[in-house]
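This report walks through one protein model for a reader who is new to structures. Please look at the sequence and the model shown here before reading on.

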Amino acid sequence: MTRPDRPLRLVGEAGPVDVAGPTRAALFGAVDTAVGVLTTHLTRWAALPPRWRGIPAGPDTDPATVRRAGAEARELPDPAALAAQAEALREAATQVRRQHVDTAEDLGPLWDTWAGPSADAVQKRVSALARSAHGLVGELGDTADVFEVAAATVAAAVRDLAAGAAAVRPADPVGGLHPAQVDALLAAVGADPSAESRLRAWAADLEERLRVFLAAAARSRAAGREAGARVRERLAAGGGDPLRPSGPRSP
């Protein structure tokens, strides 16, 4: 009698997932601080004569845009959680494979001595279970791959955003001026000959910090959403989270 056990696909090794980076609390704290610095100065930037600015006023110089970028940072998934889910999926695949192999080994001696209709029926059932196990191992491994890629992508996005927030340099006064000093110079326009050059330098510094932060925020937002979409697409293709217990079947 032909043995019904079917070799199962090996569970792939976990890939090198780099999830190094700031904690979520540290990231959000840095982003909030950067947002505070930029919005505080942008309200004053709007009072500058347009010819003293390096860029025209627009959506990117609106404090609301900066605040929205800060809020959207919280939409980034947790890369460590994604990596942990990938590890759980691979462990589940390993367990399914191990259980199938153990069952096949336990039943192996039967096929040398057992024959007849009952043996054929059991053989068909075991073969069907082998096919199901083979498919499940494949689904779990493929889904783990997607989670690992998502974890690495989001971790890189987190590091990028953290660098963008750090580029605002909250401890370094914008253009060497504190907000109160900017207010004093704005009030002295027309009376203090040095006001124009100092405010121009302040505006240029602010605009550069703003550019770097918003660019990093946009990149991280796009990367996070793309990674999330890939995970949702994979789960939808597989019928949902393979680790989530299913409820009782409807009668």
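## A residue in a loop

Arg 169 has 35% relative accessibility, so it counts as partly exposed, a class that lies between buried (under 20% relative accessible area) and exposed (over 50%), as worked out with a 1.4 Å probe on protein chains only. Arg 169 is found in the loop between α5 and α6, and although it is not a glycine, it has a positive phi of about 50°. As background, most residues other than glycine have a negative phi.

The model is predicted, and for that reason local features need pLDDT of at least 70 and side-chain atom pairs count only at pLDDT 80 or more, while totals for chains, interfaces and linings use all residues. Residues are numbered from 1 along each chain as its sequence is written, and side-chain values use heavy atoms, with hydrogens and water left out.

## The overall fold

The secondary structure comes to seven helices and zero strands, where helices (H or I, at least four residues) and strands (E, at least two) are DSSP runs numbered from the N terminus. Along the sequence this reads as α-α-α-α-α-α-α. Of the 251 residues in the protein, 35% are buried.

Helix α1, residues 24-45, has 22 residues and reaches 31 Å from its first C-alpha to its last, which is close to the 32 Å expected at 1.5 Å a residue; the expected span is 1.5 Å times one less than the number of residues. Among the buried residues of α1 are Leu 27, Phe 28, Val 31, Leu 38 and Trp 45.

## Salt bridges

The structure holds 18 salt bridges, each being a side-chain nitrogen of Lys or Arg within 4 Å of a carboxyl oxygen of Asp or Glu. Arg 169 takes part in one with Asp 172, at 3.1 Å from N to O, and Asp 172 counts as partly exposed at 35% relative accessibility. Arg 169 also forms a salt bridge with Asp 205, where the closest N and O atoms are 3.5 Å apart. Because Arg 169 lies in the loop between α5 (117-166) and α6 (179-188) and Asp 205 lies in helix α7 (residues 195-237), this pair ties together parts that are 36 residues apart in sequence. Asp 205 counts as buried, at 19% relative accessibility.

Within helix α7, Glu 233 and Arg 230 are three residues apart and are therefore separated by about one helical turn. An α-helix has 3.6 residues a turn, so residues three or four places apart point the same way. The closest N and O atoms of the salt bridge between Glu 233 and Arg 230 are 3.5 Å apart; Glu 233 counts as exposed at 51% relative accessibility, whereas Arg 230, at 42%, counts as partly exposed. Elsewhere, salt bridges link Glu 72, Glu 75, Arg 221 and Arg 225 in a network.

Where is Arg 53 placed? Arg 53 is in the loop between α1 and α2 (63-72), and it lies over the face of Trp 45, at 4.5 Å from the ring centre. A charge sits over a ring if NZ of Lys or CZ of Arg is within 6 Å of the ring centre and within 35 degrees of the ring normal.

Arg 53 is buried yet has no salt bridge, and the nearest side chain of opposite charge, Glu 207, is 6.4 Å away; in this count Lys and Arg are positive and Asp and Glu negative, while His and the chain ends are not counted. A polar atom of the Arg 53 side chain does, however, lie 2.8 Å from the backbone oxygen of Ala 46.

Technical notes: A polar contact is a pair of N or O atoms within 3.5 Å; within protein, one must be able to donate a hydrogen and the other to accept it, and residues adjacent in sequence count only if both atoms are side-chain atoms.
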